[in-house]
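I opened this notebook to record what I looked up in one structure. The entries follow the order in which I worked.

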Amino acid sequence: MTDFDIGSPPNSPSGWVDYLHSKLLRRRTLIRFWTDYYDGRHQRMVFSQEKHRNAFGQLFGNWSDNFCGLIVDSVNERMFIDGFQMTDEPGGDKDARNIWQRNHLDSEANAAHLDAMIAGESYAVVWGDKAGEPVISIESAEHVIVQYKPGSRYEIEAAAKFYTDDWGRDHVTLWLPEGVYTGTGLTGAWGDYKRAPNPLREVPVVPISNRSRLNGSVTSDLAVVIPLADAINKTVSDALVASEYAAWPQRYVTGLEIQEDEAGNPIEPFRVAVDKLLQAESPDVKFGQFEAANLANYVTLVNMLVQHMASISRIPFHYFLLNGGTAPSGESITAAEAGLIAKTRERMLHFGEAWERVMRLAFKVLKDKRAEAFGAEVIWRDPENRTEAQHMDALLKLQLIGVPRDQLLSDAGYTPQQIERFRSMRDQDAKDEMELAKKYPKPMEQPNAPKPGEAEARKAPQGNSGNAARKGA
């Protein structure tokens with residue numbers, strides 16, 4: 001039993017737990033469906049004919065021609081966070097970077113982006129440890145669920161995490177603005193809850209959503225390509241069947257009397273082999289063969305389906321080894337990857353909003369004024385892969401129009417910490433030059449002494465004696 005009627009909001013912690021748990025269970029099936037396609041666990045010979053399944057089930061039972069992992073990974077591998085700009089001060093925020101590193105978020109953020117693109121959403125939970133330092137944990141959408149306030153797409157009314165430990169015990173953590181509740185028990189019969197105050201006075205769970213829409217739930221990047229993935233697997237499975245039963249020419253004979261054994265069963269007339277010759281006594285007997293199945297037709301169909309998948313997912317064709325598997329180069333690769341880069345930057349835009357909120361919550365744990373830094377920005381690494389020569393040439397041109405050096409170093413791919421070390425190194429280089437100048441001073445120049453090369457310039461030019469004589473006259 002729940003503590004609320006159908007159509008009315010929960011009015012107690014146990015009511016919230018039951019409601020959020022049922023909401024999570026409805027979504028979990030779909031999440032695991034998408035996850036299986038990413039992991040390549042979706043095939044299981046479902047497209048094979050019965051005869052082929054019986055003969056090759058053990059060999060191809062776990063086989064799949066899976067492009068779903070490529071579609072997600074090609075975007076995720078281009079997203080990396082170097083730091084945060086919390087205020088107007090130049091350079092990245094050192095405190096934000098320390099919080100980031102303390103919580104292992106270089107790798108955890110990568111996992112959060114990966115899960116969000118597969119399952120549609122992942123979550124970050126922000127809390128404080130005993131020392132008052134912010135703790136940020138990344139959670140799967142299979143375990144965490146949130147409920148927004150009516151009419152809002154940003155303000156969260158409640159959130160809960162459900163998980164089962166190694167001993168099979170169910171655990172729940174419920175976050176409400178006025179308190180945090182923890183308990184154990186079975187689904188629908190949760191035990192007593194331990195309540196703790198919520199010093200943040202807001203739900204400390206941040207959804208990391210994959211390109212959420214204004215109306216409708218978040219979705220996976222794989223949702224639109226799964227039908228094409230199934231079609232590719234069906235076609236390749238048929239090609240495997242054809243390669244077993246019709247990939248070589250079948251022979252036939254007509255006009256031959258069929259011999260039977262004592263039981264009335266037909267006797268095979270020939271044992272076909274490379275060194276065997278087929279012959280018959282009757283002149284009416286004719287031998288022939290059927291043409292072998294052309295497996296190239298399957299290849300053509302698979303290539304067409306993969307091209308459709310590349311177009312829909314905005315992944316370059318050469319990632320799928322189409323067009324003969326030849327990768328473009330130079331300007332052509334930049335044009336080929338334009339859609340992928342645009343898709344990556346769009347994901348960075350949505351994920352960046354979530355990480356800015358995570359960092360503001362972390363500073364709220366510290367009771368720092370940067371908890372209200374709504375102008376904060378994430379410092380993303382450039383997602384575009386360019387040659388070193390192209391990159392440096394572009395940076396030198398930016399320097400000519402007045403872009404500051406620290407910004408150029410950031411565009412070159414250096415982290416805020418490295419740029420800060422460069423600044424210290426430049427100061428040290430200047431001190432070393434000053435010390436060398438004091439230790440090895442240059443000789444002082446005479447006031448009227450000619451500079452090097454000036455004496456030679458003052459000599460009369462050779463071969464002008466006639467002109468000199470005319471001037472003297």
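I began with the term pocket: on a 1 Å grid over the protein atoms alone, a pocket is an open set of points with protein on both sides within 12 Å along at least five of seven lines, a cavity is a set of points where a 1.4 Å probe fits but cannot get out, and lining residues have an atom within 4 Å of a point. I noted that this is a predicted model, in which local features need pLDDT of at least 70, side-chain atom pairs count only at pLDDT 80 or more, and totals for chains, interfaces and linings use all residues. Residues are numbered from 1 along each chain as its sequence is written, and side-chain values use heavy atoms, with hydrogens and water left out.

**Entry 1: the largest pocket**

I looked up which residues lie nearest the centre of the largest pocket. They are Glu121, Tyr148, Ser209, Ser212 and Val218, out of 29 lining residues. The volume is about 920 Å³, where a volume is the space filled by probe spheres set on the grid points, joined across faces, edges and corners. Helix H1 (13–39), strands S2 (121–128), S4 (144–148) and S10 (205–209), and H9 each supply at least two lining residues; helices (H or I, at least four residues) and strands (E, at least two) are DSSP runs, numbered from the N terminus. H9 provides the largest share, 5 residues. I sorted the lining of this pocket into 14 nonpolar, 6 polar and 9 charged residues. Here Ala, Val, Leu, Ile, Met, Phe, Trp, Tyr, Cys and Pro count as nonpolar, Asp, Glu, Lys and Arg as charged, and the others, Gly among them, as polar.

**Entry 2: the second largest pocket**

I found a volume of about 730 Å³ for the second largest pocket. Its lining has 34 residues, and Ile379, Asp406, Gln407, Ser410 and Ile419 lie nearest the centre. H12 gives the most to this lining, with 5 residues. By class, the lining has 12 nonpolar, 9 polar and 13 charged residues.

**Entry 3: the sheet**

I then traced an open sheet of 3 strands, in the order S3-S2-S10 with antiparallel pairing; two strands pair if DSSP finds at least two bridges between them. Strand S3 (134–140) and S10 are at the edges with a single partner strand each, so one side of each has no neighbour in the sheet. S2 and S10 pair over 5 bridges, and Val125 stands opposite Val205 in S10. Helix H5 (residues 105–119) lies across S2, S3 and S10, at about 145° to S2. Angles run from 0 to 180 degrees between N-to-C directions, and axes are lines fitted to C-alpha atoms, for helices over the stretch in contact.

**Entry 4: two helices**

I asked at what angle H4 (residues 94–102) and H9 (residues 338–365) cross. Their axes cross at roughly 100° and come within 11 Å. That makes H4 roughly perpendicular to H9, a term for angles of 65 to 115 degrees. Asp95, Ala96, Ile99 and Trp100 of H4 meet Trp355, Met359, Ala362 and Phe363 of H9, contact meaning heavy atoms within 4.5 Å.

**Entry 5: the cavity**

I recorded 1 cavity of 30 Å³ or more in the whole structure. The largest cavity holds about 50 Å³ of space. Among the residues lining the largest cavity are Phe80, Trp100, Asp106 and His113. H5 supplies the largest share of that lining, 5 residues.

Note on methods:
Angles under 35 degrees count as roughly parallel, over 145 as roughly antiparallel, 65 to 115 as roughly perpendicular and the rest as oblique.
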